[in-house]
Amino acid sequence: MDRSVLWRAAAVQTLSVAVLSVALALALPHSFFEDWGWLAGPAAWIVCALLTAAAVQLPARRVLVGAVLAGLPSVVAVVLGVHWLGAAIAIGLFALWCARLAREPGLPARAV
C-alpha cells in the first residue's frame, strides 16, 4: 500500500466531490435530486474518480472498478438516511483501493 497515494487520492476525491456537489446544488433545484439523485450521485462519483485517477496517475479503468466497489456501501447509507456518512466511508475505501493499486506490479513508476 502506498500511503502517499492513499492521502492524495482521499484529498482529491473529497475535494472534487465537495466542489461538484456544491456546484450541482447551486445550479439545480432540490426536486432534481429527489427525482434524479439515484443517477446524478453515482455519475458525479465516477467523474470525480476519473479526476482522482488522473491526479494520482493511476489507470482509469482500474480506478473506476475501485470507485464502483467503494460506492456500494454508500447505497446502504443513503437508504438509512445518512448519505454523507456513506460518502465519507466510500472515500476512505476508494483511497485504500488506490493505495493498493499503486503498489501493484506492472504499473509504471510515478514521481511522487
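Helices are DSSP runs of H or I with at least four residues, numbered from the N terminus. In this predicted model, Gln57 is placed by that numbering in the loop between helix 2 and helix 3.

**Packing of helix 1 and helix 2**

- Helix 1 spans residues 3-27 and helix 2 spans residues 30-56; their axes come within 9 Å and cross at roughly 145 degrees.
- The crossing of helix 1 with helix 2 is right-handed.
- On the helix 1 side, the contact is made by Arg8, Ala9, Val12, Gln13, Ser16, Val17, Leu20, Leu24 and Ala25.
- Their counterparts in helix 2 are Phe33, Ala44, Trp45, Cys48, Ala49, Leu51, Thr52, Ala55 and Val56.
- By class, the residues of this contact comprise 14 nonpolar, three polar and one charged.

**Largest pocket**

- Rolling a probe the size of a water molecule over the atoms shows where empty space is left.
- The largest pocket holds about 790 Å³ of space.
- It is lined by 26 residues, of which Gly37, Ala40, Gly41, Pro42 and His83 are the closest to its centre.
- Two or more lining residues come from each of helix 1, helix 2, helix 3 (60-80) and helix 4 (83-102).
- Helix 2 contributes the most to this lining, with nine residues.
- The lining of the largest pocket contains 20 nonpolar and six polar residues, and no charged residues.

**Backbone at Gln57**

- Most residues other than glycine have a negative phi.
- Gln57 is not a glycine, yet its phi is positive, at about 55 degrees.
- This residue, Gln57, belongs to the loop that lies between helix 2 and helix 3.

**Salt bridge**

- One salt bridge is present in the structure.
- It joins the side chains of Arg103 and Asp2, with an N to O distance of 4.0 Å.
- The pair links distant parts of the chain, as Arg103 and Asp2 are 101 residues apart.
- Arg103 lies in the segment after helix 4, whereas Asp2 lies in the segment before helix 1.

Note on methods: Residues are numbered from 1 along each chain as its sequence is written. This is a predicted model: local features need pLDDT of at least 70, side-chain atom pairs count only at pLDDT 80 or more; totals for chains, interfaces and linings use all residues. Side-chain values use heavy atoms; hydrogens and water are left out. Axes are lines fitted to C-alpha atoms, for helices over the stretch in contact, and angles run from 0 to 180 degrees between N-to-C directions. A crossing is left-handed if the near helix is turned anticlockwise from the far one by less than a right angle, and right-handed if clockwise. Contact means heavy atoms within 4.5 Å. Ala, Val, Leu, Ile, Met, Phe, Trp, Tyr, Cys and Pro count as nonpolar, Asp, Glu, Lys and Arg as charged, and the others, Gly among them, as polar. On a 1 Å grid over the protein atoms alone, a cavity is a set of points where a 1.4 Å probe fits but cannot get out, and a pocket is an open set with protein on both sides within 12 Å along at least five of seven lines; lining residues have an atom within 4 Å of a point. Grid points are joined across faces, edges and corners, and a volume is the space filled by probe spheres set on the points.
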